[in-house]
Amino acid sequence: MEGVGGAVNRSAGIVGAVVFALSVTACTGGGTVTGRPESMSIAPPTSTTTSTLMQAKYKALPTCQQVADKVTGLPPFRSGNEKPSASDMLTGCEFQRIPDWPRVNLQVSAWRDDVGDISYPAGAGRGALKAREAYDALSKPGSDPADDGTAEDVRVGEKAKWLTPKDNGSCTLMILDQNAVLLLEYKPADKTAPRSLECREPLRELAKSFYDVVQTQ
(Lines give C-alpha, C1' and ligand atoms only; values in the text may rest on other atoms or scores of the structure.)
Protein backbone atom coordinates (compact mmCIF):
# COMPACT_ATOMS: atom_id res chain seq x y z
CA MET A 1 0.00 0.00 0.00
CA GLU A 2 1.83 3.09 -1.22
CA GLY A 3 2.46 5.82 1.36
CA VAL A 4 0.60 4.32 4.26
CA GLY A 5 2.28 0.89 4.11
CA GLY A 6 5.67 2.56 3.98
CA ALA A 7 4.92 4.61 7.09
CA VAL A 8 4.02 1.47 8.99
CA ASN A 9 7.26 -0.21 7.92
CA ARG A 10 9.24 2.76 9.31
CA SER A 11 7.63 2.61 12.71
CA ALA A 12 9.80 3.37 15.75
CA GLY A 13 9.46 3.42 19.55
CA ILE A 14 8.48 0.81 22.09
CA VAL A 15 5.10 0.70 23.79
CA GLY A 16 3.88 -2.41 25.55
CA ALA A 17 2.41 -3.73 28.77
CA VAL A 18 2.99 -6.90 30.80
CA VAL A 19 0.68 -7.59 33.73
CA PHE A 20 1.78 -9.61 36.69
CA ALA A 21 -0.40 -11.02 39.52
CA LEU A 22 0.87 -12.37 42.81
CA SER A 23 -1.14 -14.35 45.31
CA VAL A 24 0.16 -15.68 48.61
CA THR A 25 -1.77 -17.89 51.00
CA ALA A 26 -0.73 -19.27 54.39
CA CYS A 27 -2.45 -21.73 56.66
CA THR A 28 -1.74 -22.28 60.38
CA GLY A 29 -3.57 -24.23 63.07
CA GLY A 30 -3.29 -25.23 66.77
CA GLY A 31 -5.10 -26.10 69.94
CA THR A 32 -4.80 -25.26 73.68
CA VAL A 33 -5.45 -27.11 76.98
CA THR A 34 -5.77 -25.18 80.26
CA GLY A 35 -4.54 -22.04 78.55
CA ARG A 36 -1.23 -23.55 77.38
CA PRO A 37 -0.41 -24.77 73.87
CA GLU A 38 -0.70 -28.56 73.84
CA SER A 39 0.16 -29.12 70.24
CA MET A 40 0.67 -26.96 67.21
CA SER A 41 0.50 -27.92 63.57
CA ILE A 42 1.87 -25.44 61.08
CA ALA A 43 1.29 -25.83 57.37
CA PRO A 44 4.08 -24.21 55.39
CA PRO A 45 2.98 -21.11 53.50
CA THR A 46 2.29 -21.60 49.85
CA SER A 47 2.73 -19.03 47.18
CA THR A 48 1.93 -18.91 43.51
CA THR A 49 3.01 -16.40 40.97
CA THR A 50 1.11 -16.06 37.71
CA SER A 51 2.30 -14.00 34.78
CA THR A 52 -0.27 -12.97 32.24
CA LEU A 53 1.35 -12.19 28.89
CA MET A 54 -0.26 -11.06 25.66
CA GLN A 55 -0.29 -14.06 23.35
CA ALA A 56 -0.20 -13.63 19.59
CA LYS A 57 -3.78 -13.72 18.32
CA TYR A 58 -2.98 -13.84 14.62
CA LYS A 59 -0.90 -16.80 13.47
CA ALA A 60 -1.98 -16.68 9.81
CA LEU A 61 -3.53 -14.11 7.47
CA PRO A 62 -5.99 -14.39 4.58
CA THR A 63 -4.79 -14.20 1.00
CA CYS A 64 -5.90 -11.41 -1.30
CA GLN A 65 -8.12 -13.92 -3.08
CA GLN A 66 -9.88 -14.73 0.19
CA VAL A 67 -10.30 -11.03 0.89
CA ALA A 68 -11.72 -10.47 -2.60
CA ASP A 69 -14.14 -13.38 -2.18
CA LYS A 70 -15.43 -12.48 1.29
CA VAL A 71 -15.37 -8.69 1.64
CA THR A 72 -18.49 -7.30 0.00
CA GLY A 73 -18.82 -4.10 -2.01
CA LEU A 74 -15.26 -3.96 -3.36
CA PRO A 75 -14.22 -2.85 -6.86
CA PRO A 76 -12.47 -5.51 -8.97
CA PHE A 77 -9.20 -6.88 -7.60
CA ARG A 78 -6.20 -5.15 -9.15
CA SER A 79 -3.01 -6.27 -7.40
CA GLY A 80 -1.69 -7.75 -4.20
CA ASN A 81 1.39 -8.07 -2.03
CA GLU A 82 1.80 -11.00 0.33
CA LYS A 83 5.56 -10.74 0.95
CA PRO A 84 6.37 -9.19 4.35
CA SER A 85 9.07 -6.58 4.73
CA ALA A 86 9.08 -5.00 8.20
CA SER A 87 6.27 -7.19 9.53
CA ASP A 88 6.37 -10.97 9.94
CA MET A 89 3.17 -11.53 7.94
CA LEU A 90 1.47 -9.29 5.40
CA THR A 91 -1.53 -9.22 3.10
CA GLY A 92 -1.97 -6.03 1.08
CA CYS A 93 -4.61 -5.83 -1.65
CA GLU A 94 -5.67 -3.08 -4.06
CA PHE A 95 -9.08 -2.94 -5.66
CA GLN A 96 -9.99 -0.53 -8.45
CA ARG A 97 -12.30 -0.29 -11.43
CA ILE A 98 -9.63 0.85 -13.91
CA PRO A 99 -9.51 3.49 -15.29
CA ASP A 100 -12.26 4.76 -13.03
CA TRP A 101 -12.64 5.11 -9.28
CA PRO A 102 -13.21 4.26 -6.46
CA ARG A 103 -9.97 2.65 -5.31
CA VAL A 104 -9.76 0.64 -2.10
CA ASN A 105 -6.56 -0.58 -0.44
CA LEU A 106 -6.81 -3.16 2.35
CA GLN A 107 -3.74 -4.26 4.30
CA VAL A 108 -3.12 -6.33 7.40
CA SER A 109 0.32 -6.76 8.97
CA ALA A 110 0.99 -9.13 11.86
CA TRP A 111 3.96 -9.98 14.06
CA ARG A 112 4.65 -13.37 15.61
CA ASP A 113 5.75 -14.41 19.08
CA ASP A 114 7.94 -17.28 17.92
CA VAL A 115 10.39 -15.20 15.89
CA GLY A 116 12.69 -12.47 17.10
CA ASP A 117 14.95 -9.62 16.10
CA ILE A 118 17.55 -7.40 17.76
CA SER A 119 14.97 -5.18 19.44
CA TYR A 120 12.40 -7.83 20.27
CA PRO A 121 13.51 -11.38 21.09
CA ALA A 122 11.11 -14.25 20.55
CA GLY A 123 8.67 -14.83 23.38
CA ALA A 124 5.11 -14.29 24.55
CA GLY A 125 4.01 -10.71 23.90
CA ARG A 126 6.60 -9.95 21.24
CA GLY A 127 3.99 -9.77 18.45
CA ALA A 128 1.72 -7.42 20.37
CA LEU A 129 4.62 -5.11 21.22
CA LYS A 130 5.68 -4.90 17.57
CA ALA A 131 2.12 -4.18 16.43
CA ARG A 132 1.65 -1.42 19.01
CA GLU A 133 4.98 0.10 17.98
CA ALA A 134 3.78 0.27 14.36
CA TYR A 135 0.41 1.70 15.37
CA ASP A 136 1.88 4.35 17.70
CA ALA A 137 4.56 5.44 15.24
CA LEU A 138 2.00 7.34 13.16
CA SER A 139 1.03 9.46 16.17
CA LYS A 140 4.46 11.05 16.42
CA PRO A 141 5.40 14.51 15.12
CA GLY A 142 6.91 14.27 11.67
CA SER A 143 5.41 10.89 10.85
CA ASP A 144 4.06 10.46 7.33
CA PRO A 145 1.13 10.43 7.40
CA ALA A 146 0.44 11.61 10.96
CA ASP A 147 -2.36 10.59 13.29
CA ASP A 148 -5.58 12.50 12.59
CA GLY A 149 -7.54 11.47 15.68
CA THR A 150 -9.26 8.53 17.32
CA ALA A 151 -11.97 6.74 15.35
CA GLU A 152 -14.25 6.08 18.31
CA ASP A 153 -17.17 4.97 16.13
CA VAL A 154 -15.16 2.11 14.59
CA ARG A 155 -15.97 -0.76 16.90
CA VAL A 156 -13.56 -3.48 15.81
CA GLY A 157 -10.15 -4.32 17.22
CA GLU A 158 -8.59 -2.79 20.30
CA LYS A 159 -8.59 0.77 19.00
CA ALA A 160 -8.66 2.70 15.75
CA LYS A 161 -7.65 6.09 14.39
CA TRP A 162 -7.82 8.15 11.24
CA LEU A 163 -4.59 9.07 9.52
CA THR A 164 -3.95 12.56 8.21
CA PRO A 165 -4.95 12.52 4.51
CA LYS A 166 -2.01 12.20 2.16
CA ASP A 167 -3.97 13.89 -0.61
CA ASN A 168 -7.25 15.74 -1.12
CA GLY A 169 -9.19 12.78 -2.38
CA SER A 170 -8.65 9.84 -0.02
CA CYS A 171 -9.02 8.83 3.62
CA THR A 172 -7.26 6.16 5.67
CA LEU A 173 -8.28 4.18 8.75
CA MET A 174 -5.83 2.29 10.98
CA ILE A 175 -6.86 -0.42 13.45
CA LEU A 176 -4.78 -2.10 16.16
CA ASP A 177 -5.78 -5.59 17.26
CA GLN A 178 -3.27 -7.33 19.51
CA ASN A 179 -0.41 -8.48 17.25
CA ALA A 180 -1.87 -7.07 14.02
CA VAL A 181 -2.44 -3.70 12.38
CA LEU A 182 -5.12 -3.21 9.72
CA LEU A 183 -4.99 -0.35 7.21
CA LEU A 184 -7.92 0.65 5.02
CA GLU A 185 -7.66 3.38 2.39
CA TYR A 186 -10.52 4.68 0.26
CA LYS A 187 -10.33 7.05 -2.70
CA PRO A 188 -13.84 7.81 -3.98
CA ALA A 189 -14.74 8.77 -7.50
CA ASP A 190 -16.10 12.23 -6.71
CA LYS A 191 -13.02 13.62 -4.87
CA THR A 192 -14.84 14.30 -1.63
CA ALA A 193 -13.13 16.04 1.28
CA PRO A 194 -10.95 13.45 3.04
CA ARG A 195 -12.45 14.12 6.47
CA SER A 196 -16.02 14.11 5.20
CA LEU A 197 -18.68 11.56 6.00
CA GLU A 198 -18.77 10.61 2.32
CA CYS A 199 -15.14 9.52 2.45
CA ARG A 200 -15.00 7.98 5.91
CA GLU A 201 -18.34 6.21 6.07
CA PRO A 202 -17.43 3.57 3.43
CA LEU A 203 -14.32 2.73 5.46
CA ARG A 204 -16.38 2.28 8.63
CA GLU A 205 -18.52 -0.23 6.78
CA LEU A 206 -15.54 -1.99 5.21
CA ALA A 207 -13.74 -2.22 8.54
CA LYS A 208 -16.21 -4.72 10.01
CA SER A 209 -16.22 -6.91 6.90
CA PHE A 210 -12.43 -6.88 6.50
CA TYR A 211 -11.91 -7.51 10.22
CA ASP A 212 -14.24 -10.52 10.10
CA VAL A 213 -12.29 -12.04 7.19
CA VAL A 214 -9.02 -11.64 9.10
CA GLN A 215 -10.52 -13.45 12.11
CA THR A 216 -11.28 -16.60 10.12
CA GLN A 217 -7.62 -17.58 9.76
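Which residue does a disulfide join to C171, and at what S to S distance? The partner is C199, at an S to S distance of 2.3 Å.

This is a predicted model: local features need pLDDT of at least 70, side-chain atom pairs count only at pLDDT 80 or more, and totals for chains, interfaces and linings use all residues. Residues are numbered from 1 along each chain as its sequence is written, and side-chain values use heavy atoms, with hydrogens and water left out.

**Disulfides**

A disulfide here is a pair of cysteine sulfur atoms within 2.5 Å. By that rule the count is 2 disulfides. Counting bonded cysteines along the chain, the pattern is 1-2, 3-4.

| Disulfide | S to S distance |
|---|---|
| C64 to C93 | 2.2 Å |
| C171 to C199 | 2.3 Å |

Take C64 and C93. This pair links distant parts of the chain, 29 residues apart. C64 sits in helix α2 (residues 64-70), and C93 in strand β4 (residues 89-96). Helices (H or I, at least four residues) and strands (E, at least two) are DSSP runs, numbered from the N terminus. The torsion about the S-S bond of C64 and C93 is about -100°, so this disulfide is left-handed.

Both ends can be checked for burial. Buried means under 20% relative accessible area, exposed means over 50%, and partly exposed lies in between (1.4 Å probe, protein chains only). C64 has a relative accessible area of 3%, so C64 is buried. C93 has 4%, so C93 is buried.

Now the link of C171 and C199. The S-S torsion is -105°, and the link is left-handed. C171 lies in strand β8 (residues 171-177) and C199 in helix α4 (residues 197-215), so the pair ties together parts 28 residues apart in sequence. C171 and C199 are buried.

**A buried glutamate**

E185 belongs to strand β9 (residues 180-187). Its relative accessibility is 1%, so E185 counts as buried. What does the side chain of E185 contact at 2.8 Å? The side chain of N105 does so, through a polar contact. A polar contact is a pair of N or O atoms within 3.5 Å; within protein, one must be able to donate a hydrogen and the other to accept it, and residues adjacent in sequence count only if both atoms are side-chain atoms. The E185 side chain also makes a polar contact with the side chain of K166, at 3.2 Å.

**A helix residue**

A134 is part of helix α3 (residues 126-137). The relative accessible area of A134 is 0%, so this residue is buried. A134 and S87 are 47 residues apart along the chain, and their C-alpha atoms are separated by 9.2 Å.
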